[in-house]
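Welcome! Open your viewer, get ready to select a few residues, and follow along one stop at a time.

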Amino acid sequence: MTDAAVVGRILREYRLVPVSMRRRYGSVSGTCVGYEFREPGGGAVLVRAYRGDVPLAAHLHGGGAVSVTDWLLGCAATLRWLAAHGYPAPRVVPVRTGEPVGVAGAWLTLATTFVRGRALAGGQLALLGAALGRLHALAVPLAAPGTAPAPGRGAGTGRGAGVQPDAEPGPGLASWYPAAAIPAALGRLDAVAALLPGEWRPLHERFRATLLAVQRAADYLPIALVHGDAWPGNVVVAADGEAALIDWENGGLGLPVLDLGHCLLESHLDPGLPAGQPAAWRIQPDPGRIAAVLDGYTSQRRLHDSEREILPEGIRFASAYVGAIHFERALIDGVHGATMDARLGRLRNRIAVSQAVADLAARHLGPPGSRYAEPGRSDVTGA
């Protein structure tokens, strides 16, 4: 199938009459492709298309979805819930029948508004932190602790967060939702244990220890809406100075401490890094960047004591979760080469610097009851 054929079906499915179109990423010869359609009024629609006849990517299974359709419905439910609660994020554009997910032959599609804005500048990390804190502070639907509701329904909230009655369709589940994500990751680590090269064993042990620590703590941690990949490359700053998170494929209900932990690591990277230079994606802990993210975050949301205690493991969690998948691919599926080497190198770097990042974060936050005990006490200008 060609771009023209896929685009033609998308245009009919969404009744789009664009003035221009361009492919932003992917390819019709692969499993996903994204198109940007510019509309006559000056707006734009981003349509992401995924092959519906291939298995869902492994890193997305943590939300409990078993098919591309289930996952897309969960993504749409999350974005619609955010829209209903006024949070700045891409808005779902329904197909002509009103459904959130479209069908274009073998392709399943999700269309959203294109969020305009400029890339986050180096001195604006407080805006990223504030956007994430504002997201985590939203009151989410209530369900029993430890349950994993189906995409589009309500989910639990832990201590320290607001609660709304489960009277409306709720958001989907994040790709790191602990009830599904952690057992799956532990299973992958167990499956490769006998195949590990000696030099991989310390990383394997660290991944397992992190997953188990978060699993033990999960029932006592707040649940909130999370983004799942908050870093400077996934935020845009509008003309009014407000920051909006984009690229929500990992988002949904989950543990905010994992979202913040990931952000504290990845905020060391800048947008536009060269994909073909693995060394450019390595992290060197920067106290100024960590402080800026935390200043922005704590201006919107207070960290619970249970979250502060588990934050070091929260910083490592994404590496452990993704690392289990990479280990499985390398040792069971036999995937090798420069790309896998680069991925493993990034994981080693993240684990190596994680404790230093955690120590800097703890030092900046200060003891419980300090100036970060309540939200709204930090100045978030982004300047």
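Start by selecting strands β2 and β3, which form a hairpin with 5 residues between them. In the turn, look for glycine 42, which has a positive phi of about 105 degrees. Helices (H or I, at least four residues) and strands (E, at least two) are DSSP runs, numbered from the N terminus.

A word about what is on your screen: this is a predicted model, in which local features need pLDDT of at least 70, side-chain atom pairs count only at pLDDT 80 or more, and totals for chains, interfaces and linings use all residues. Residues are numbered from 1 along each chain as its sequence is written, and side-chain values use heavy atoms, with hydrogens and water left out.

Now colour β3 (residues 44-51): β2 and β3 pair in the antiparallel sense over 7 bridges. Two strands pair if DSSP finds at least two bridges between them. Pick out arginine 38, which stands opposite alanine 44 in β3.

Is β2 mostly covered or mostly uncovered? Of the 7 residues in β2 (residues 32-38), 5 are buried, so the strand is mostly covered. Buried means under 20% relative accessible area, exposed over 50%, and partly exposed in between (1.4 Å probe, protein chains only).

For contrast, select arginine 15 in the loop between α1 (3-14) and β1. Arginine 15 is exposed, with a relative accessible area of 62%, and has a positive phi of about 55 degrees although it is not a glycine.

Then jump to helix α4 (residues 178-192) and find arginine 188. This arginine 188 is buried, at 11% relative accessible area. Leaving aside neighbours within four places in sequence, arginine 188 is in contact (heavy atoms within 4.5 Å) with Ala58, Ala324, Ile325 and Glu328.

Last stop: show helix α6 (residues 256-266) and helix α8 (residues 305-331), which pack at an angle of about 60 degrees with their axes 7 Å apart. Axes are lines fitted to C-alpha atoms, for helices over the stretch in contact, and angles run from 0 to 180 degrees between N-to-C directions. Therefore α6 is oblique to α8: angles under 35 degrees count as roughly parallel, over 145 as roughly antiparallel, 65 to 115 as roughly perpendicular and the rest as oblique. Among the residues that meet here are Leu258 in α6 and Phe317 in α8.
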